[in-house]
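Subject: Structure handover

Hello,

The structure is below, with the sequence. My notes on it follow.

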Amino acid sequence: QVQLQESGPGLVKPSQTLSLTCTVSGGSITTNSDYWSWVRQSPGKGLEWIGAISYSGNSYYSPSLKSRTSISRDTSKNQFTMQLSSVTPEATDVYYCARDRKGLSSKYDCWGQGTRVTVSS
């Protein structure tokens with residue numbers, strides 16, 4: 001069974017860069033056809049897709065965040081990382097990593113437990 005675990009700072013200062021890592025166990029991030037996504041959730045905002053990286057290493061981003069987002073991976077560690085620059089207090093959310101096996105369909109079959117990130121000075 002595949003498990004995902006987010007890790008990173010719980011507190012980030014405004015204007016700084018948020019970096020979160022998702023560690024995958026029980027499966028490989030290079031498994032054919034899998035896409036590995038970052039999403040976030042906050043009250044009143046719902047669930048927002050940030051971006052994803054494919055099994056082959058191609059990255060995809062939400063248009064609203066593309067200019068400030070970078071997703072990469074380390075296949076040797078079976079991890080993928082999201083960096084979101086120039087964060088504001090609006091980025092105070094719960095962040096999740098998740099697996100999508102249906103081509104960026106947002107139909108995730110596996111999720112991490114989520115990690116809460118607070119943007120505050």
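At 84% relative accessibility, S121 counts as exposed (over 50% relative accessible area; buried is under 20%, partly exposed is in between, with a 1.4 Å probe and protein chains only). S121 is found in the segment after β11; helices (H or I, at least four residues) and strands (E, at least two) are DSSP runs, numbered from the N terminus. From S121 to P89 the C-alpha to C-alpha distance is 9.0 Å, although the two are 32 residues apart in sequence.

**How to read the values**

This is a predicted model, in which local features need pLDDT of at least 70 and side-chain atom pairs count only at pLDDT 80 or more, while totals for chains, interfaces and linings use all residues. Residues are numbered from 1 along each chain as its sequence is written, and side-chain values use heavy atoms, with hydrogens and water left out.

**Cysteines**

The count comes to 1 disulfide, meaning a pair of cysteine sulfur atoms within 2.5 Å. The disulfide is formed by C22 and C97, with their sulfur atoms 2.2 Å apart. C22 lies in strand β3 (residues 18-25) and C97 in strand β9 (residues 93-100), so the bond ties together parts that are 75 residues apart in sequence. The torsion about the S-S bond is about 65 degrees, so this disulfide is right-handed. Both C22 and C97 are buried.

What about C110? Its closest cysteine sulfur is that of C97, 10 Å away, which is too far for a bond. C110 counts as buried, at 14% relative accessibility.

**The sheet around β8**

There is an open sheet of 4 strands in the order β1-β3-β8-β7, with antiparallel pairing; two strands pair if DSSP finds at least two bridges between them. At the edges stand β1 (3-7) and β7 (69-74), each with a single partner strand, so one side of each is left without a neighbour in the sheet. On average, neighbouring strands of this sheet are turned by 20 degrees against each other, direction ignored (axes are lines fitted to C-alpha atoms, for helices over the stretch in contact, and angles run from 0 to 180 degrees between N-to-C directions).

β3 and β8 pair in the antiparallel sense over 6 bridges. In β8, M82 stands opposite L20 and Q79 stands opposite T23. β7 is also joined to β8 by 6 bridges, and these two run antiparallel; S70 has Q83 of β8 as its bridge partner. The hairpin of β7 and β8 has 4 residues between the strands, and in it N78 takes a positive phi near 55 degrees. Of the 6 residues of β8, 5 are buried, so this strand is largely enclosed by the rest of the structure.

**Nonpolar cores**

A nonpolar core here is a set of buried Ala, Val, Leu, Ile, Met, Phe, Trp, Tyr and Cys residues joined through side-chain atoms within 4.5 Å. The largest has 24 residues, and those with the most contacts inside it are L18, W38, F80, M82 and Y95. At least two residues each come from β3, β4 (35-42), β5 (46-54), β8 (79-84), β9 and β11 (115-119). β3 gives the largest share, 4 residues. Apart from this core lies another, of 5 residues, among them V94, Y96, A98 and Y108.

Leaving aside neighbours within four places in sequence, F80 is in contact (heavy atoms within 4.5 Å) with residues including C22, C97, L20, W36 and W38.

Regards
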